[in-house]
Amino acid sequence: MAERFERHRQPWTSDELQKLHALAKKGMPLKSIAKALTRSEESVKDRAKMDKLSIVKLR
């Protein structure tokens with residue numbers, strides 16, 4: 001069963017955004033970033049796209 005996130009549709013804080021940028025620059029995969037921020041992968045992917053960040057895809 002998929003993990004559930006209680007933070008559904010919560011706005012991003014500046015602290016979370018800084019962490020997202022830092023983790024994306026380090027080259028962490030999407031799943032790890034989502035877990036570190038306690039947000040869904042879809043939410044992280046959408047926000048990264050808005051901020052023009054590239055996130056590593058695992059193969």
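Me: Why is Glu16 called buried?
Reply: Glu16 has a relative accessible area of 10%. Buried means under 20%, exposed over 50%, and partly exposed in between (1.4 Å probe, protein chains only). So Glu16 counts as buried.

Me: What kind of model is behind these values?
Reply: The model is predicted: local features need pLDDT of at least 70, side-chain atom pairs count only at pLDDT 80 or more, and totals for chains, interfaces and linings use all residues. Numbering runs from 1 along each chain as its sequence is written, and side-chain values use heavy atoms, with hydrogens and water left out.

Me: What makes the pair of Glu16 and Arg39 a salt bridge?
Reply: The closest N and O atoms are 3.0 Å apart. The rule asks for a side-chain nitrogen of Lys or Arg within 4 Å of a carboxyl oxygen of Asp or Glu. The pair of Glu16 and Arg39 therefore qualifies. It links distant parts of the chain: Glu16 lies in helix H1, Arg39 in the loop between H2 and H3, 23 residues apart. Helices here are DSSP runs (H or I, at least four residues; strands are E, at least two), numbered from the N terminus.

Me: Is Arg39 buried or exposed?
Reply: Buried, because its relative accessibility is 4%.

Me: How many salt bridges does the whole structure hold?
Reply: A search finds three. Glu42 and Lys45 meet in one of them, at 3.8 Å from N to O. Asp51 and Arg47 form another, with the closest N and O atoms 3.3 Å apart.

Me: Why are Glu42 and Lys45 about one helical turn apart?
Reply: They are three residues apart in helix H3, which means a separation of about one turn. Glu42 is partly exposed at 46%. Lys45 is partly exposed at 43%.

Me: What are Asp51 and Arg47 called by accessibility?
Reply: Asp51 is partly exposed, because its relative accessible area is 23%. Arg47 is buried, because its value is 19%.

Me: How do you know that the buried residues of H3 line one face?
Reply: The buried residues are Val44, Arg47 and Ala48. Seen down the axis of H3, they fall within an arc of 100°, so they line one face of the helix. The arc is that of the directions from the helix axis to the C-beta atoms. The face turned away from them carries the exposed residues Lys49 and Met50.

Me: What do the buried residues of H3 pack against?
Reply: They pack against helix H1 (14–26) and H2. Contact means heavy atoms within 4.5 Å.

Me: Why are H2 and H3 called roughly perpendicular?
Reply: Their axes come within 9 Å and cross at roughly 105°. Axes are lines fitted to C-alpha atoms, for helices over the stretch in contact, with angles from 0 to 180 degrees between N-to-C directions. Under 35 degrees is roughly parallel, over 145 roughly antiparallel, 65 to 115 roughly perpendicular, the rest oblique. H2 and H3 are therefore roughly perpendicular.

Me: Which residues of H2 and H3 meet?
Reply: Leu30, Lys31, Ile33, Ala34 and Leu37 in H2 meet Glu41, Val44 and Lys45 in H3.

Me: What sets Thr38 and Lys52 apart in backbone terms?
Reply: Each has a positive phi in a residue other than glycine: near 50° for Thr38, near 60° for Lys52. Thr38 is in the loop between helix H2 (30–37) and helix H3 (41–50). Thr38 is partly exposed at 41%, and Lys52 is exposed at 75%.
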